[in-house]
Amino acid sequence: MNVSLTVWLLTVAALCALVAVDFFIGRKPHDVSIREAGAWTVVWVVLACLFGLGVYFYGGGGPTGEFFAGYITEKSLSVDNLFVFVLIMGKFAVPSQYQQRVLMVGVLVALVLRAGFIAAGAAIISAFSWVFYIFGAFLIWTAWKLIQDARKDEHEEEYQENKLLKMVEKRFGVADRYHGTKLWIEQNGKRVMTPMLVVMLAIGSTDVLFALDSIPAIYGLTQDPYIVFTANAFALMGLRQLYFLIGGLLKKLVHLSYGLSIILGFIGVKLVLHALHESGVHVPEISIPFSLGFIVLVLAITTATSLWAAKKQEEQAEQERQAEQEQEEGTVAGRPA
């Protein structure tokens, strides 16, 4: 789309206003209920759909399909990222009433980082068309790595702090407990970080890795920086509420990594085909309507099979529990009085 500077500024201003409203609503630490999280999740999805309609009236069906394909892809990748957020929250024992503040800062950091990656990606793509080969190969490799990680069941492992975070902790020191939402305190005459700041830095540094996957993925669906940015923004805006809404369901999405690996591999192939086409090689290109339908279909099948597998696991666990209980009762009944 031919987006003017005015439209860019209005869009950024509107998104900043939405962030401010979200921050104002969640400024007071409290436990987020399922009802509250569900209501705000619906609000963010509706806003994304309304924006998609605006793109349709402004740019037509093509950009609209690109926006929704990018939005759904980024949203699904964000859901997978929630697994890591759960591990980080558990690692640092974040009190439940402070978790939404941590996630809010994490979302803001992710928005800033992705804006930088999007700008860099747009500049690189406009100057070097061969970068699509690199993006495509990277996504195919990421898809394979996701499958390997899913087989190892890495989501059950404990979060390991990266070297940068350990270095910061060693340099400034960390308080032994949380002090509300404070980030710095005076302790023994020295200014030290609180665990609240440490967990925010952990999520922020993790967002860098998330962006490395998501930005090439969405550039495989559209090369329009405006659509790339807005699709990422709307996918991230409701991430905090989504964390509280489906936090208990994450463990049931046992096949999500497999679905995401298929999607990333598909987009990787799409990028390679696009790069070959740009190089003058006559190869078929994958259309946006087909991409959108494929992504939705894969996510629907992945969700259905995940819930079915989780239900079978629960039934099997219940049968084993009943068998153990019956065995214990039989042992007790067979003992001499």
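Reply: A polar contact is taken here as a pair of N or O atoms within 3.5 Å; within protein, one atom must be able to donate a hydrogen and the other to accept it. Serine 261 belongs to helix H10, which spans residues 256-278. Its relative accessible area is 4%, so serine 261 counts as buried, the limit being under 20%. Apart from neighbours within four places in sequence, serine 261 contacts Ala143, Leu146 and Ile147.

Serine 306 may be described in the same terms. This residue lies in helix H11, residues 288-334, and is buried because its relative accessible area is 1%. A polar atom of its side chain is 2.7 Å from the backbone oxygen of threonine 302. Once neighbours within four places in sequence are set aside, the contacts of serine 306 are with Lys252, Leu253, Val254, His255 and Leu256.

The aromatic side chains form 14 pairs in the structure. One of these joins tryptophan 8 and tyrosine 226 edge-to-face, with 5.1 Å from centre to centre and 90° between the planes. The two partners are 218 residues apart, so this pair links distant parts of the chain: tryptophan 8 is in helix H1 (residues 5-25) and tyrosine 226 in helix H8 (residues 225-237). Tryptophan 8 has 26% relative accessibility and therefore counts as partly exposed, whereas tyrosine 226, at 6%, counts as buried.

Phenylalanine 67 and phenylalanine 234 make another pair; their ring centres are 6.3 Å apart and their planes stand at 85°, so the arrangement is edge-to-face. This pair also connects distant parts of the chain, since 167 residues separate phenylalanine 67 in helix H3 (residues 61-91) from phenylalanine 234 in helix H8. Phenylalanine 67 is buried, with a relative accessible area of 0%, and phenylalanine 234 is buried at 6%. Tryptophan 8, tyrosine 226 and both of these phenylalanines are members of a cluster linked by ring pairs, which also includes Phe51, Phe68, Tyr71 and Phe229.

A ring also takes part in a charged arrangement at phenylalanine 172, over whose ring sits the charged end of arginine 171, 4.9 Å from the ring centre.

The largest nonpolar core holds 81 residues, of which Phe85, Phe92, Val94 and Val102 touch the most other members. Helix H7 (residues 195-219) supplies the largest share of this core, 13 residues. Beyond four places in sequence, valine 94 touches Met89, Gln99, Val102, Tyr178 and Val199. In soluble globular proteins, nonpolar side chains tend to be buried together. Isoleucine 25, in helix H1, is partly exposed, because its relative accessibility is 33%. Its contacts outside four places in sequence are His30 and Trp40.

Finally, the confidence of the prediction should be noted. The mean pLDDT of the chain is 81, and 91% of the residues score at least 70. Confidence is highest in helix H8, at 89, and lowest in helix H9 (residues 239-246), at a mean of 77. Tyrosine 226 and phenylalanine 234, from the two ring pairs above, both lie in helix H8. Where pLDDT is low, the predicted coordinates should not be read in detail.

How values were computed:
Residues numbered from 1 in each chain as written. Predicted model: local features only at pLDDT ≥ 70, side-chain atom pairs only at ≥ 80, totals over all residues. Heavy atoms only, no water. Helix = DSSP H or I, 4+ residues; strand = E, 2+ residues; numbered from the N terminus. Buried < 20%, exposed > 50% of the residue type's maximum accessible area, 1.4 Å probe, protein only. Contact = heavy atoms within 4.5 Å. Phe/Tyr/Trp six-rings, centres within 6.5 Å; stacked < 30°, edge-to-face > 60°. Lys NZ or Arg CZ within 6 Å of the ring centre and 35° of its normal. pLDDT = per-residue confidence, 0-100. Core = buried A, V, L, I, M, F, W, Y, C linked by side-chain atoms within 4.5 Å.
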